[in-house]
Each structure stands twice: as structure tokens, then as C-alpha cells.
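Subject: A structure for you to look at

Hello,

Here is the structure I promised to pass on. Please open it beside this email and follow along as you read.

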Amino acid sequence: MRQFVVCGHDAPTTPEFSLDDLAGGAGRLDLLCRCVNAGLFLSHGIREDSRVHLVLGDEYTVRFSGATARGLHPDERTTAARVRDALDARENAIGHMPAEVSPGVELYRMGVAETLDAIDGTLVQLHEEGDPIVETEPPEDPVFVLSDHSDFTAEEADLLADRADRRVRLGPEAIHADHAISVANNYLDTDGYERY
């Protein structure tokens with residue numbers, strides 16, 4: 001299992017946002033939707049061994065599971081509609097008990113710390129000041145943690161400094177969060193890959 005936890009700092013925490021303004025009025029939800037697409041989709045399929053957790057404003061987490069997702073399409077608007085549906089069901093999420101929105105999409109009333117507590121695996125912080133990923137072996141059941149278009153908050157940085165098993169960078173330049181997920185997936189996909 002590979003998992004991606006994306007901290008959405010300006011993301012909406014209520015369903016009152018327009019699907020026509022994802023980059024502005026919806027707090028860069030466009031970027032978070034691209035992260036879901038990068039984490040789950042292949043050219044003509046879906047990664048059944050992948051999950052993407054969108055942490056919205058450190059209040060809610062929307063989890064997308066490739067193994068059980070149905071009717072999810074690789075466009076921002078469809079993914080944003082699932083996020084909006086999840087937030088519309090937020091009253092049904094009690095503590096760590098999720099509200100199921102649709103197959104493969106659940107909403108949890110959890111912030112970053114609680115989300116990390118609930119996930120098993122090797123915690124890998126993606127950070128431009130980390131060790132080069134090409135110099136490390138892929139971990140078992142990686143949980144990559146990354147931030148949206150903003151830096152990690154001081155609280156998140158402290159949390160990850162305490163909990164991360166590894167801190168890695170994907171290359172010499174900082175890249176968008178969704179691109180980082182694509183590069184991390186490629187890194188995991190090529191582990192053990194032999195050229196003929």
C-alpha cells in the first residue's frame with residue numbers, strides 16, 4: 001500500500017464553494033484535486049494499492065481509496081464534487097468514525113496529527129531540504145506527507161520532525177504537490193523494474 005497525505009491549508013471546510021472557481025474561491029482545491037488524480041490514476045486504470053488523504057484546514061480528512069473507488073474520473077471538477085459531497089456529510093462523521101460519501105471516498109473528522117495516527121506505514125516527509133530520494137531504498141508501505149502550495153505550518157513541521165521515519169526530496173528543484181506525487185509513484189513503480 002502506498003499513501004499520500006496532503007495538507008490543504010486554505011482548503012474549504014464547508015460545502016459552500018463553487019465548482020467553477022476551484023483555484024480561487026475554493027482555496028486552491030484545484031491543486032488538491034490534482035493530487036488525488038496523481039495519486040490514484042494510471043493512463044487507463046486506477047491504482048488499487050493507493051490512497052490519498054486530503055487534510056482540509058486541519059479539521060477534516062477526505063480519504064480516496066483506489067481499491068474501492070467507483071465512478072471517479074480524472075478531472076478536477078469530478079474530484080472537487082466528491083470533496084463537496086464529503087463536506088456536505090460532515091455532520092455524519094463522528095470522531096474517528098467516517099462518513100461514507102461514495103464508494104472509495106470517506107470523510108473523517110480528523111486533522112493532520114489524527115490522520116497520521118490512523119495510518120500504518122513508513123512515514124516519509126517530502127521536503128525540498130530532505131535527502132535525495134534516488135539515494136534511498138523504497139520503504140515498505142510508504143506514507144508520503146506533503147504540503148499544498150504553502151509551506152508546512154510550524155506545528156506541522158514539529159509534528160513531522162518527531163514522527164517522520166524519513167525526510168526526502170524528489171529532485172533539485174521544488175515542484176508542485178501533484179507533480180511530487182507523480183514522481184514518488186514513478187519512484188515506487190520502478191523499484192525492481194528491469195530493462196530488457
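Before we start, a word on helices and strands: they are DSSP runs numbered from the N terminus, with a helix being H or I over at least four residues and a strand being E over at least two. The model is a predicted one, in which local features need pLDDT of at least 70 and side-chain atom pairs count only at pLDDT 80 or more, while totals for chains, interfaces and linings use all residues. Residues are numbered from 1 along each chain as its sequence is written, and side-chain values use heavy atoms, with hydrogens and water left out.

Let's begin with S102, which lies in strand β6 (residues 99-102). Is S102 buried or exposed? Its relative accessibility is 14%, so S102 counts as buried; the cut-offs are under 20% relative accessible area for buried, over 50% for exposed and partly exposed in between, using a 1.4 Å probe and protein chains only. The side chain of S102 makes a polar contact with the side chain of R82, at 3.1 Å. (A polar contact is a pair of N or O atoms within 3.5 Å; within protein, one must be able to donate a hydrogen and the other to accept it, and residues adjacent in sequence count only if both atoms are side-chain atoms.)

Next, the charged pairs. Side chains of opposite charge can pair when their charged atoms come close. A salt bridge here is a side-chain nitrogen of Lys or Arg within 4 Å of a carboxyl oxygen of Asp or Glu, and by this rule the count comes to 10.

D189 belongs to helix α5 (residues 177-189) and R2 to strand β1, so here the parts tied together are 187 residues apart in sequence. R2 is buried at 9% relative accessibility, whereas D49 is partly exposed at 33% and D189 is partly exposed at 36%.

Another salt bridge joins the side chains of E76 and R34, at 3.1 Å from N to O. This pair links distant parts of the chain, with E76 in helix α2 (residues 76-88) and R34 in helix α1 (residues 29-40), 42 residues apart. Through shared partners, salt bridges join R28, D30, R34, E76 and D178 into one network.

Now for the inside. A nonpolar core is a set of buried Ala, Val, Leu, Ile, Met, Phe, Trp, Tyr and Cys residues joined through side-chain atoms within 4.5 Å. The largest one has 45 residues, of which L29, L54, L56, F64, L107 and F144 touch the most other members. Its largest share, 8 residues, comes from α1. Apart from this core lies another of 12 residues, including V5, V55, L123 and F152.

Finally, have a look at L126 in strand β8 (residues 122-132). The UniProt record, an unreviewed entry, places the feature "binding site" at L126; positions from that record are given in the numbering used here, feature names are shortened, and annotations may be inferred rather than shown by experiment. L126 is buried, with a relative accessible area of 9%. Leaving aside residues up to four places away in sequence, L126 touches F144, V145, L146, F152, V168, L170 and A180, where contact means heavy atoms within 4.5 Å.

Enjoy exploring!
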